[in-house]
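This report describes selected packing features of a single model. The sequence and structure are shown first.

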Amino acid sequence: LPYYEKGIVFLKQSDYSNAVINFTKAIDLNPYKDSYKNSVVSVAQRIANEASMLAKRQDFNQAIPKYKDAIKYYPEFTEAIFNLAKIFYRLEDFDNAKSYLIKNLSVDDNQPQSLKMIADIYKKERNTSEAIKYYNLAVKAYPDYYQAYYSLGTLLIRTDLSSSKEMLIKATNIRDDYYKAHETLGIV
C-alpha cells in the first residue's frame with residue numbers, strides 16, 4: 001500500500017515514470033490487487049491522451065515518444081498502438097507503421113482498422129495479393145466495414161471487374177450515402 005500511495009503522489013505531480021515504478025512495486029508485492037494494475041493502465045491512458053492531443057496538432061515529434069511510453073507501461077494498449085501506427089502511416093514510414101500494426105494484431109487479431117491499414121500499406125507498395133488478403137480479413141472481422149469493401153473494390157478494378165463491382169455494391173448497400181463507392185461503381 002505505501003508504494004501504491006507513493007505512486008498516487010507522483011501521479012498527481014504528473015511524474016508518470018516514478019508513478020509507474022511505485023505501482024509496479026506494489027503489484028510485485030501484491031499481484032492480486034486489481035487497483036494497482038488499473039493504476040498503471042490509468043497512467044498509460046493519460047499519456048496516450050496527451051499524445052493524441054499532440055497528434056491532433058500534428059506535433060508528431062512529441063506524440064511518438066508519448067505513445068511509446070504508454071505502450072511500454074501497458075503493452076496490450078491496442079488503441080495507443082494503433083494511433084502510433086497511424087502517425088507512422090501519415091509520415092509514410094510504412095515499415096514502422098506495419099510493424100506496430102502487426103504488434104497490435106498480436107494483442108488482438110480481430111481489429112478491422114489495423115487489418116485495413118496494413119492492406120492500405122500493401123496497396124501503396126503495389127503488393128496487390130497481400131492487400132487483397134488483408135482487405136478480406138478486415139471485412140471478415142467487421143462485415144459492415146464499407147470503407148474496406150470500397151478499397152478492395154478500387155484495387156480489383158484493374159484485374160477483376162466483376163469482383164470489383166461486387167465489393168462496391170456491398171459498400172453502397174452498407175452505406176447508401178457513400179458517394180465515393182457510387183462514383184467508382186459508375187466507372188466500373
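## Contact between α9 and α10

In this predicted model, residues Y146, Y149, Y150, L152, G153 and L156 of helix α9 are in contact with L161, S163, S164, M167, L168, K170, A171 and I174 of helix α10. By class, the residues of this contact comprise 10 nonpolar, three polar and one charged.

Helix α9 spans residues 146-156 and helix α10 spans residues 161-174. Their axes lie 8 Å apart and form an angle of about 160°. Angles over 145 degrees count as roughly antiparallel, and α9 and α10 are therefore assigned to that class relative to each other. The crossing of these two helices is left-handed.

## Nonpolar core

The largest nonpolar core of the model contains 63 residues. F23, V43, Y67, Y73, L84, I87 and L101 have the most contacts inside this core. Helix α3, residues 34-56, gives the most to the core, with nine residues.

For L84, one of the residues with the most contacts inside the core, the partners beyond four places in sequence are I64, Y67, K68, I71 and Y100.

## Residue S35 in helix α3

S35 belongs to helix α3. Its relative accessibility is 27%, so S35 counts as partly exposed, a class that lies between the limits of 20% for buried and 50% for exposed.

S35 and Y4 are 31 residues apart along the chain, and a distance of 9.1 Å separates their C-alpha atoms.

Notes:
Residues numbered from 1 in each chain as written. Predicted model: local features only at pLDDT ≥ 70, side-chain atom pairs only at ≥ 80, totals over all residues. Heavy atoms only, no water. Core = buried A, V, L, I, M, F, W, Y, C linked by side-chain atoms within 4.5 Å. Buried < 20%, exposed > 50% of the residue type's maximum accessible area, 1.4 Å probe, protein only. Helix = DSSP H or I, 4+ residues; strand = E, 2+ residues; numbered from the N terminus. Contact = heavy atoms within 4.5 Å. Axes fitted to C-alpha atoms, helices over the stretch in contact; angles between N-to-C directions. Parallel < 35°, antiparallel > 145°, perpendicular 65-115°, else oblique. Left-handed = near helix turned anticlockwise from the far one by under 90°. Nonpolar A, V, L, I, M, F, W, Y, C, P; charged D, E, K, R; others polar.
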